Structures are given as structure tokens and as C-alpha cells.
Amino acid sequence: MCRIGMRLVQERKISVAKLATTEESGVEKNDLHGRDLLTLLVRANMATDLPESVRLSGEDVLSQVPTFLVADHETTSSGTTWRPYALTQAPEVQRKLREELFTLDTDTPTVHELNSLPYLDAVVRDMLRVHAPVPDTLRQA
């Protein structure tokens, strides 16, 4: 895993370096490798305003990936716990959301189809606001 991971870090470094040296070609930064976690970490680590003494080694960049994955797992599990509970406390919201979801023609909607549901978007955003995975001491709802 380490060998493959380091190869991926090297590939991202090369891509980010090529992008930095590319003249104004009209190519968006995210068009070359997207906005995946590894590319963002490498790009941040290679920022020109970052002193060499605080840059991470390739191994250190790679070791940050599990940290983000664990943090994402925690926020996802927290949301999975609180959202159904919140819906049980608001039957009218639950009813209206169910009506909107039943407008879909499939049991396995695409991301595009889910993004086209305004009430679902509003419910998810409000639940993230009220039941945020970040402790209240760090934010104000």
C-alpha cells in the first residue's frame, strides 16, 4: 500500500507542477486531476507561499489521508444517527419530504436526480445546521 500510495503522491506532484508551469491555457485547475483529497493535499503542500521548513514529506502527505477518511466517517455516522430522529420529531416535514421523494421514478436515483429535489436539499441543509457534526463550542447555529 505504501509503494502504491507514494507512486500516487508522486503522480500528483508532477501534475500539480505541470499545472503551475502551464501558461494561461484556459484549462481550469480542477480539470487536470479533479478535486480529490490527495491532489488537494499535494497542491496545498506545494504552495509557493509555504516555507520549505514547514512542507510535509511525501510520506507525511500520504499519512494524512486516513485522518480525513476517519473524520469523514465520524461526520457521516453522526448525520446518519440524528437525521432520522429529527424527522420523527417533525411529521409534517417527513410527510412533505416523502411526497417529494415519491416523485422520482426509481428506487436508485442518481446524484443529479437527488440534487433536483429542492425540499430534500432544504431538509438536509437544515439538519446539518441544527445537528452539525462539529461541536457547538466551535460553531453557532
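In what order do the elements of the chain run from the N terminus on? I read them off as α-α-α-α-α-α-α. The model is a predicted one. My count of the secondary structure gave 7 helices and 0 strands.

**Whole chain**

I looked up burial next: 21% of the 141 residues count as buried. The accessible surface comes to about 10,700 Å², and carbon and sulfur atoms hold 59% of that surface. I then took the contacts between residues at least 6 apart in sequence; 48% of them join residues at least 24 apart.

**Helix α1**

Helix α1 covers residues 2-21, which is 20 residues. From first C-alpha to last I have 29 Å, close to the 28 Å expected at 1.5 Å a residue. Which residues of α1 are buried? I listed Gly5, Met6, Val9, Arg12, Ser15, Val16 and Leu19.

**Largest nonpolar core**

I went on to the largest nonpolar core and found 8 residues: Ala86, Leu87, Leu97, Leu104, Leu117, Leu120, Val123 and Met127. Two or more residues of this core come from each of α4 (58-88) and α7 (118-130). The biggest share is that of α7, with 3 residues. I note for context that nonpolar side chains tend to be buried together in soluble globular proteins.

For leucine 104 I set aside residues up to four places away in sequence. The contacts left are Pro109, Glu113, Leu114 and Leu117.

Is valine 61 buried or exposed? Its relative accessibility is 2%, so valine 61 counts as buried, the cut-off being under 20%. Beyond its neighbours within four places in sequence, valine 61 is in contact with Leu38, Leu41, Val42, Asn45 and Leu56. Valine 42 is 19 residues from valine 61 in sequence, and their C-alpha atoms are 7.0 Å apart.

**Salt bridges**

- Arginine 7 and glutamate 11 meet through their side chains at 3.4 Å, N to O. They are 4 residues apart in helix α1, which means a separation of about one helical turn. Arginine 7 is partly exposed at 43% relative accessible area, and glutamate 11 is partly exposed at 34%.
- Glutamate 99 and arginine 95 form a salt bridge whose closest N and O atoms are 2.3 Å apart. Both lie in helix α5 (residues 91-101), 4 residues apart, about one turn of the helix. Glutamate 99 counts as partly exposed at 45%; arginine 95 is partly exposed at 35%.
- Arginine 125 and aspartate 121 have their side chains in a salt bridge at 3.0 Å, N to O. The two lie in helix α7, 4 residues apart, about one turn of the helix. Arginine 125 is exposed, with a relative accessible area of 57%, whereas aspartate 121 is partly exposed at 37%.

I also checked for shared partners: Glu92, Arg95 and Glu99 are joined by salt bridges into one network.

An α-helix has 3.6 residues a turn, so residues three or four places apart point the same way.

Technical notes: Residues are numbered from 1 along each chain as its sequence is written. This is a predicted model: local features need pLDDT of at least 70, side-chain atom pairs count only at pLDDT 80 or more; totals for chains, interfaces and linings use all residues. Side-chain values use heavy atoms; hydrogens and water are left out. The expected span of a helix is 1.5 Å times one less than its number of residues. Buried means under 20% relative accessible area, exposed over 50%, partly exposed in between (1.4 Å probe, protein chains only). A nonpolar core is a set of buried Ala, Val, Leu, Ile, Met, Phe, Trp, Tyr and Cys residues joined through side-chain atoms within 4.5 Å. Contact means heavy atoms within 4.5 Å. Accessible areas come from the Shrake-Rupley method with a 1.4 Å probe; for residues, only the protein chains shown count as cover. A salt bridge is a side-chain nitrogen of Lys or Arg within 4 Å of a carboxyl oxygen of Asp or Glu.
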